[in-house]
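Work through these exercises with the structure open beside you. Try each task before reading its solution.

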Amino acid sequence: MSTRRTLSAASAALVLAAAGCATPDSGLDAAGRHLDGRGPITYVQASDTAGVATKQVIETWNRRHPDQRVTLRQFSDVDELHDNLVHHFKAEDADYDVLGADVVTIAEYAAHRWLQPFKGAYTLDTSALLEQTVKTARYQGTLYAAPFMTDAGLLYYRKDLVPRPPRTWQELLGHCKIARERGMGCYAGQFAKYEGLTVNVAEAVAAAGGSFVKADGTTPSADTPAARKGLSLLVDAYRSGDIPKEAITYQEEESREAFEAGKLLFLRNWSYVYPLASSDGGSVVKGKFGVAMLPGVSGPGRTALGGQDNAVNVYSEHKATARDFLIYLQSPGVQRELLIKQGQSPVVKSLYHDKKLLDDPALGYLGALERSIATATERPVTPFYPAVTQAISQNAYAAIKGEKPVGKALEDIQAAILAATSEQ
Ligand code: GLC
C-alpha cells in the first residue's frame, strides 16, 4: 500500500528556501486524493505516557473492521516521533496513515501541508470536545487534527507526610526539610534536555506570571523579570539540592519511578501516573499520595497544556478509514475506557462532569485535572517550534546545571524566538 517517492530536488529546495515553512504543491495536490480510500492503516504515536489500554481499544477496532485493521507503531518519546515523522513527510511517504502528534507540532506539520485538513465533506464534529483541545488542533483557522488526549501537569504529594498540598512554591520549599530529614528528594519534574524540560520551564515561568511569548502568540517575552523569577525557581532549587541532582536526567518515566520508590516528597507529572502509582507492584506510595494543581507564586500555578492530536497524513491512501478511526478514538466510550484504564486525560467535555467517574476513588484527580486544564498556558504556537523549543530546553538546561547565568539563558531564548517568529 505504500507509494514511497523521493522528494524532488526542486520541491526540497523550495522547502528549505522557505526555512521549513513552504507550502509545496505536492501537499496541496495530495489533499485532494484518496478521500474515499479504505483499507489497513498504520497509526504512529509516542509511547511515553500511553499504556496497555491503547492497544486494547485498537484490538476492539480490529475485531470490528477486519478489512481496515490498524497496526500500531510506537516511538519512545515525542522528540523521536517528531524526527521520524518529518523524515517520512519529506519523502511523501504513505506508510503512516494516522499520526498521534504532540499538540505543539501541529502548526509545523500544517504549515508544510503535511496534514489532511478537515473541511468540506472530509470533516469532523468537535462540538463535544473541550475547546482548549480543539484549539490545539487548528492552524490559521483550519482544523488539521482530531484531539485525542489532553494532558495537564499535576503536583503529586505524599499526603502521609504533608497533609495539605502546597499552593505556592514558597510553601512547597518550606516542606523540604521533611524530605531532608528522611533522606528523600524534595521535588522533581522532568529536567533532561528534551521537550519535557520545555514544559517544566514554561510552567515555572507561568507560575511567576510570565510566558515565553505574549498573548498575541508571536511577540517574545522570555527576557522579562517574571521569566527570570520563574526559571530561577528551578535553578535555585537544583543548586540547593531540593531538586535532587539525579533529576537532571529525568523524563516522565524516571521521575515516576523515583516517586513510586518513595524517593520524592513532591513530583510534577501527568495524570497517567495516578493509576500506575496506585497499583504498580513496586510502588511503595499506594494510598499515600494525593494530587493537586501545580504550585504558583501567590496561588496555584498553571500547567503547560500537553496532549496528543491525531492527524491524517496528507499522503495516506486510506483516508476514509483513517477518519473513521479518529472518530472512534475520540468517542465517549473509548475516551472513558482510556481514562479508567490508563489515566489518560479525556478530550470529551461531559466526562469531567460524569457523577460516576467523579465519585470513583481511583479517579481522585479528576477535579484537579479539570481546573488545571481550564487555567492552562500554551507553549508557543509556531511552525518553527523545533527551533524555539530547542532554544528553551538547551538554555534552561545549562542554567539549571549552573553553567549559564539565568539572565543570559533568557536573553538567548528571547533571540531564538524572535528569529523564529519573524520568519513566519
Ligand atoms: C506528554 C505531553 C506532551 C509533551 C510531552 C513532553 O507526552 O502530552 O504534550 O510535549 O509529554 O515530554
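**Exercise 1. Find which side chains place a polar atom by an oxygen atom of the ligand, and give the distances.**

Solution. This is a predicted model.
- Step 1: Start at Asp151, where a polar side-chain atom lies 2.6 Å from an oxygen atom of the ligand.
- Step 2: Go to Glu252. One of its polar side-chain atoms is 2.7 Å from a ligand oxygen.
- Step 3: Take Trp270. Here the distance from a polar side-chain atom to an oxygen atom of the ligand is 3.3 Å.

**Exercise 2. Work out the strand order of the five-stranded sheet and name its edges.**

Solution. 
- Step 1: Read the order as E2-E1-E3-E11-E6. The sheet is open, and its pairing is mixed.
- Step 2: Pick out the edges. Strand E2 (70-75) and strand E6 (146-151) each pair on one side only.
- Step 3: From one strand to the next, it averages 20°.
- Step 4: Look inside the sheet. Strand E1 (residues 41-46) runs parallel to strand E3 (residues 98-102), and two bridges pair them. Tyr43 has Val98 in E3 as its bridge partner.

**Exercise 3. Explain why strands E8 and E10 each have a side without a neighbour in their sheet.**

Solution. 
- Step 1: Write down the order, E8-E9-E7-E10. These four strands make an open sheet with mixed pairing.
- Step 2: Check the ends. Strand E8 (185-188) and strand E10 (289-292) are at the edges with a single partner strand each, so one side of each has no neighbour in the sheet.
- Step 3: Move to the pair E7 and E9. Strand E7 (residues 154-158) and strand E9 (residues 264-269) are antiparallel and joined by four bridges. Leu155 stands opposite Arg268 in E9.

**Exercise 4. Decide how helices H9 and H17 are oriented to each other: roughly parallel or roughly perpendicular?**

Solution. 
- Step 1: Recall what to look for. A packed helix pair is described by the angle and the distance between the axes.
- Step 2: Apply this to helix H9 (residues 195-207) and helix H17 (residues 385-400). Their axes come within 8 Å and cross at roughly 75°.
- Step 3: Classify the angle. The range 65 to 115 degrees counts as roughly perpendicular, and H9 and H17 are therefore roughly perpendicular to each other.
- Step 4: List the contact. From H9 come Glu195, Leu197, Thr198 and Val201; they meet Tyr385, Thr389, Ile392, Ser393, Ala396, Tyr397 and Ile400 of H17.
- Step 5: Sort these residues. Seven are nonpolar, three polar and one charged.

**Exercise 5. Find which residues Arg167 contacts beyond its neighbours within four places in sequence.**

Solution. 
- Step 1: Locate Arg167 in the loop between E7 and helix H7 (169-174).
- Step 2: Collect the contacts: Leu294, Pro295, Gly296, Gly299 and Pro300.
- Step 3: Take Pro295 from that list. Arg167 and Pro295 are 128 residues apart along the chain, yet 4.8 Å separates their C-alpha atoms.

Definitions and conventions:
Residues are numbered from 1 along each chain as its sequence is written. This is a predicted model: local features need pLDDT of at least 70, side-chain atom pairs count only at pLDDT 80 or more; totals for chains, interfaces and linings use all residues. Side-chain values use heavy atoms; hydrogens and water are left out. Two strands pair if DSSP finds at least two bridges between them. Axes are lines fitted to C-alpha atoms, for helices over the stretch in contact, and angles run from 0 to 180 degrees between N-to-C directions. Angles under 35 degrees count as roughly parallel, over 145 as roughly antiparallel, 65 to 115 as roughly perpendicular and the rest as oblique. Contact means heavy atoms within 4.5 Å. Ala, Val, Leu, Ile, Met, Phe, Trp, Tyr, Cys and Pro count as nonpolar, Asp, Glu, Lys and Arg as charged, and the others, Gly among them, as polar. A polar contact is a pair of N or O atoms within 3.5 Å; within protein, one must be able to donate a hydrogen and the other to accept it, and residues adjacent in sequence count only if both atoms are side-chain atoms.
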